[in-house]
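Dear colleague,

I am handing over the structure below, followed by notes on what was found in it. Please read them with the model open beside you.

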Amino acid sequence: MMYRIAIPFFALAILTAWFAPSRAAERPNIVLIYTDDVGYGDVSCNGQTTLRTPNIDRIAAEGVRHTDAHCSAATCTPSRFALLTGRYAFRQPGTGIARGDANMIIGPDTLTLPALLKQAGYTTAVIGKWHLGLGDGPIDWNKEIRRNPQDVGFDYHFLIPATGDRVPCVYVEQGRVVGLDPADPIRVSFGKRIDPNPSGAEVPPGSLKQMWSHGHNQTIVNGISRIGWMTGGQKARWVDEDMADTITHKAEEFLEQHRQEPFFLYFSTHDIHVPRVPHPRFQGKSGLGWRGDAMLQLDWCVGQILDKLDALGLRDDTLVIFTSDNGPVLDDGYVDQANELLGEHRPNGPYRAGKYSSFEGGTRVPCLVRWPGHVSPGTTSQALVGQVDWAASLAALVGASVPADQCIDSRNQIDALLGKDPVGRPHLIHEARNLALRQGHWKYIPPGQIRDGLGPWTTVSISRPGALYDLNQAIDERVDVAAEHPQILAQMQELHQRILAGADQPDRLGQ
Ligand code: NG6
Ligand code: CA
């Protein structure tokens, strides 16, 4: 009896597997590895030979390497806001670098990339740096914190709430501080001093694990002084050296637990933001100081994720994207010898400036995309690609529809992202202290003060009518050709005005 029933079921299973389109063909898992302050030149697949990143390079070897891909802003919070909401951050006031106690800046009525994927049946997670605010009103870190990523489309979160250099220095999982002892409650302040212990500014410099250079001299956690004041939560405080291991293990756990269903993992690393305090097994290994060592650690994390996908048999079913939230920086507030030990390494590759700047180094970041069978291995794309498009692009990929009043700056550029469209976006805003505009190989920077350098910085003053660069002629934005091309300048100024006014919304069917 059993035998007679089993055969038809078995046959049916084979037939179903044979005829049904595979899930991978339509809706891949998505792993977005979002790194912090990693510059175009920090990965060896982008041409440098001073620092080897074999695991990151593996994504390029097995996928497409973009050479003109951009985060939306030259700092973290606005880039992440645009990535997750498909809206340029300048459209919403209060999206600059968020304080450690900032409230959730993604509004309740805002549709997000993870929410779109969830609608399409994905299980969604953010593991690592958040820096988009938490809560709604004064945050009590000793209770469940709402609003949190669960309120903007993520099923699961394990967070560094703001940055490694800002209090509170604790992880938050599903709205609660991990490992909190109720008898030792946490308090946080970004105004009044609440911490009676000696601050980073008060202790002898030699007593700190890493000395601060600017800012970063308030509450001391793990021998490193931070931005902001914090008391309590001693057992819950993170150990910087273990941070990469901790979040990588969480990511591996998530992959294991959700191997059977479509998932979206936004793996948001602390590396290589300051303070750069890699695990001892990476310390001193790059020869470039803590910054280079943090890159080696990041490369290890990427290898762990790729290996886990292999081990779970998910390699072919998973779209992997590796990129960064803003350009590189050297001295960003701690004395870690990033400048002194730099040698020949060029964190921004051939581009000008880095983090905080409107020049290309501020937003032109590594961007590697792998999806076996769908992205040609070992290819390079020069298409203009912007992270603000990924909400609409990934939504299109998984068959989720975006209402017209949501993700308003996001265009479906999935073909460009997958390396199939060599042109990409017609134009793209770069947000820094002012809003620069790319259109094809032209770059317009409006009048204003622009940061130059990688820390320490100088300021470049761009006077009226603004600067125009032809990146085909000179990639380093040192030759202003505004006077020679008044028509192009005028046309780009007009486009700039239209985009700022929100009058250049994409035609989603056409784009
Ligand atoms: C700046 C910090 C810098 C870094 C940055 C945010 C000072 C002097 N500088 O204000 O160290 O934390 O904010 O970086 O405090 S980001 O990558 O998260 O945008
Ligand atoms: Ca950053």
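Predicted model: local features only at pLDDT ≥ 70, side-chain atom pairs only at ≥ 80, totals over all residues.

Helix H3 (residues 54-61) packs against helix H7 (residues 290-311) at an angle of about 50°, and their axes are 7 Å apart; axes are lines fitted to C-alpha atoms over the stretch in contact, with angles from 0 to 180 degrees between N-to-C directions, and helices are DSSP runs of H or I with at least four residues, strands being E runs of at least two.

Residues are numbered from 1 along each chain as written, chains are lettered from A and ligands numbered from 1 in written order, and side-chain values use heavy atoms, without hydrogens or water.

Asn 148, in the loop between strand E4 (123-129) and strand E5 (156-160), counts as buried at 0% relative accessibility (buried means under 20% relative accessible area, with a 1.4 Å probe and protein chains only). The side chain of Asn 148 has a polar atom 3.0 Å from the backbone oxygen of Ile 145 and reaches the backbone nitrogen of Gln 150 at 2.6 Å.

As for ligand 1, an oxygen atom of it lies 2.6 Å from a polar side-chain atom of Asp 165, and an oxygen atom of ligand 1 is 2.7 Å from a polar backbone atom of Asp 332.

Key:
Buried < 20%, exposed > 50% of the residue type's maximum accessible area, 1.4 Å probe, protein only. Polar contact = N/O pair within 3.5 Å; in protein donor to acceptor, adjacent residues only side chain to side chain.
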